[in-house]
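Subject: Structure handover

Hello,

Please find the structure below, as promised. My notes on what was found in it follow.

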Amino acid sequence: MKVTSTIARYLLGIIFLVFGLNGFLHFIPMPLPPGVAGQFFMALGVSHYFAVVFLLQLVAAVLLLAGRYVPLALAVIAPVVVNILCYHVFMAPSGLPMAGILVVLWLFATFNVRSAFAGLLLKSV
């Protein structure tokens, strides 16, 4: 399982490095999706919210690829993964398989460092 977790961590790092850099350098052309999904993209772009998201993706990707502060990187990227999943569930179902793969990769990568998240799951007294 350790090998699977490491492979998942590297794949996540590569994915978020490429798409984080693409947010700033625009080397992968991405047409605006139709309907509500396009309006959502426009709102995030106009408000410069995407800049924060792409920066978080880059920081987490570098940490994941370097193998340093992996629990922190996974915690930083978790809300981004949830937003990607929700976006595809509610607005653009055609990308749902890729979002599902991203969630599975995140779960596999987290499995190896699950002890770092154990405190979040403790029952409070």
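A residue counts as buried under 20% relative accessible area, as exposed over 50%, and as partly exposed in between, with a 1.4 Å probe and protein chains only. By that rule Thr4, at 37% relative accessibility, is partly exposed. Thr4 belongs to helix 1.

Before going further, some background. The model is predicted, so local features need pLDDT of at least 70 and side-chain atom pairs count only at pLDDT 80 or more, while totals for chains, interfaces and linings use all residues. Residues are numbered from 1 along each chain as its sequence is written, and side-chain values use heavy atoms, with hydrogens and water left out.

Overall layout

The chain contains five helices and zero strands. Helices (H or I, at least four residues) and strands (E, at least two) are DSSP runs, numbered from the N terminus. In sequence order the pattern reads α-α-α-α-α. The C-alpha trace spans about 45 × 35 × 25 Å along its principal axes. The chain has 125 residues, of which 32% count as buried.

How the helices pack

For the packing, axes are lines fitted to C-alpha atoms, for helices over the stretch in contact, and angles run from 0 to 180 degrees between N-to-C directions. Angles under 35 degrees count as roughly parallel, over 145 as roughly antiparallel, 65 to 115 as roughly perpendicular, and the rest as oblique. A crossing is left-handed if the near helix is turned anticlockwise from the far one by less than a right angle, and right-handed if clockwise.

Take helix 1 and helix 5 (residues 96–111): their axes are 7 Å apart, and the helices pack at an angle of about 130°. Helix 1 is therefore oblique to helix 5. The crossing of this pair is left-handed.

Helix 1 also meets helix 4 (residues 70–90), where the axes come within 12 Å and cross at roughly 60°. That angle makes helix 1 and helix 4 oblique to each other. Here too the crossing is left-handed.

What is the relation between helix 4 and helix 5? Their axes come within 9 Å and cross at roughly 155°, so the two helices are roughly antiparallel to each other. Helix 4 passes helix 5 in a left-handed crossing.

Ile77 lies in helix 4 and is buried, because its relative accessible area is 0%. Between Ile77 and Val59 there are 18 residues of sequence separation, and their C-alpha atoms are 9.2 Å apart. Leu102 sits in helix 5 and is buried as well, at 8% relative accessibility. Leu102 and Val82 are 20 residues apart along the chain, with 9.6 Å between their C-alpha atoms. Thr4 and Val70 are 66 residues apart in sequence, and their C-alpha atoms are 15 Å apart in space.

A nonpolar patch on the surface

Which residues form the nonpolar patch on the surface? They are Phe19, Leu21, Phe24, Leu25, Phe27, Ile28, Met30, Leu55 and Val59, with about 820 Å² of accessible area together. Helix 1 (2–25) and helix 3 (49–66) are the elements that give two or more residues to the patch. Helix 1 supplies the largest share, four residues. One of the patch residues, Phe24, is found in helix 1 and counts as partly exposed, at 40% relative accessibility.

Patches are made of residues with over 30% relative accessible area and no salt bridge; like charges are joined within 9 Å, and nonpolar side chains (Val, Leu, Ile, Met, Phe, Trp, Tyr) within 5 Å. A salt bridge is a side-chain nitrogen of Lys or Arg within 4 Å of a carboxyl oxygen of Asp or Glu. Accessible areas come from the Shrake-Rupley method with a 1.4 Å probe, and for residues only the protein chains shown count as cover.

Two residues with positive phi

Most residues other than glycine have a negative phi. His48 has a positive phi, near 65°, and is not a glycine. His48 lies in the loop between helix 2 (35–46) and helix 3, and is exposed because its relative accessibility is 60%. Tyr69, also not a glycine, has a positive phi of about 50°. The loop between helix 3 and helix 4 holds Tyr69, which is exposed at a relative accessible area of 55%.

Regards
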